[in-house]
Amino acid sequence: GLCPGRIVNEDRHTCRVVGSAGEIGASVAGRLRHHAKSAAALPKIGDWVAYAPLPGEHKGVIQHVLPRATQLVRKIAGRETSEQVLATNVDIAFVVQSMDQTFKARRLERFMVMAHEGGIRPVVVLNKADLCTDADALVAEAQAAAGDALIIVTSAKNRRGLKQLVSLIQPGQTVVFIGTSGVGKSTLIN
């Protein structure tokens with residue numbers, strides 16, 4: 001009696017799930033919340049779940065979270081280090097950095113570690129190439145921080161590198177764009 005679905009949005013104990021019935025709202029079953037060892041074990045964006053549809057309503061109740069193939073996790077500092085799961089079952093993480101004065105090799109390294117530790121293929125996207133005065137030097141610095149990861153130089157303004165970026169997004173794959181605010185993630189996606 002359960003239906004398969006995938007989490008596309010989550011907010012505490014309610015989620016948006018896409019399945020054969022389309023997109024529905026779903027709550028997390030109390031039993032699932034109670035038995036979760038941590039918040040990281042509850043449904044997160046990208047999770048495949050089994051949910052019970054509510055008769056006569058366009059809603060459901062999530063009963064099970066299927067095992068995750070990959071996960072993108074951010075460490076949260078505090079008295080005890082805890083984890084915040086940002087997304088699961090991701091194939092490629094596009095790590096976006098701006099090619100201006102805000103570029104930081106150490107920040108790029110941290111995002112690369114997050115992707116590698118989660119089993120996700122990272123691809124570095126150096127965006128806003130039109131704002132860079134020495135692209136070769138910045139690409140070399142990024143390559144030193146990114147190791148053998150593919151680096152794509154883009155500019156949404158003049159459409160540089162967009163075909164190469166789009167060619168990496170294949171049917172059946174899940175990709176995420178990660179990076180700090182203002183690097184152009186939304187502009188690239190749009």
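Helices here are DSSP runs of H or I with at least four residues, strands are runs of E with at least two, and both are numbered from the N terminus. Counting that way, I get 5 helices and 11 strands in the protein chain.

**Ground rules**

I noted that this is a predicted model, where local features need pLDDT of at least 70, side-chain atom pairs count only at pLDDT 80 or more, and totals for chains, interfaces and linings use all residues. Residues are numbered from 1 along each chain as its sequence is written, and side-chain values use heavy atoms, with hydrogens and water left out.

**The whole chain**

I looked up the overall span: the C-alpha trace covers about 60 × 40 × 25 Å along its principal axes. Next came burial (buried is under 20% relative accessible area, exposed is over 50%, partly exposed is in between, with a 1.4 Å probe and protein chains only). Of the 190 residues, 43% count as buried. The accessible surface (Shrake-Rupley method, 1.4 Å probe; for residues, only the protein chains shown count as cover) comes to about 10,800 Å², and 52% of that belongs to carbon and sulfur atoms. I also checked contacts (heavy atoms within 4.5 Å). Among those between residues at least 6 apart in sequence, 61% join residues at least 24 apart.

**The largest pocket**

Rolling a probe the size of a water molecule over the atoms shows where empty space is left. The search uses a 1 Å grid over the protein atoms alone; a pocket is an open set of points with protein on both sides within 12 Å along at least five of seven lines, unlike a cavity, where a 1.4 Å probe fits but cannot get out, and lining residues have an atom within 4 Å of a point. Grid points are joined across faces, edges and corners, and the volume is the space filled by probe spheres set on the points.

The largest pocket has a volume of about 200 Å³. Which element gives the most to its lining? It is S11, with 3 residues. Strand S6 (71-76), strand S7 (82-88), helix H2 (105-117) and strand S11 (175-178) each supply at least two. Among the lining residues I wrote down Leu72, Phe111, Met114, Phe177 and Lys185. I sorted the lining by class (Ala, Val, Leu, Ile, Met, Phe, Trp, Tyr, Cys and Pro are nonpolar; Asp, Glu, Lys and Arg are charged; the others, Gly among them, are polar). That gives 8 nonpolar, 1 polar and 2 charged residues.

Glutamine 97 sits in strand S8 (residues 92-98). At 2% relative accessibility, glutamine 97 is buried too. A polar atom of its side chain lies 3.3 Å from the backbone nitrogen of lysine 104.

Most residues other than glycine have a negative phi. I found lysine 128 with a positive phi of about 65°, although it is not a glycine. Lysine 128 is in the loop between strand S9 (121-127) and H3, and is partly exposed because its relative accessible area is 24%. Arginine 159 also has a positive phi of about 65°. Its loop runs between strand S10 (150-153) and helix H4 (162-167). Arginine 159 is exposed, at 61%.

Alanine 69 is in the loop between strand S5 (59-65) and S6, and counts as exposed at 68%. Alanine 69 and glycine 119 are 50 residues apart in sequence, with their C-alpha atoms 7.9 Å apart. For alanine 29 and alanine 129, 100 residues apart along the chain, I noted a C-alpha separation of 47 Å.

Note on methods:
A polar contact is a pair of N or O atoms within 3.5 Å; within protein, one must be able to donate a hydrogen and the other to accept it, and residues adjacent in sequence count only if both atoms are side-chain atoms.
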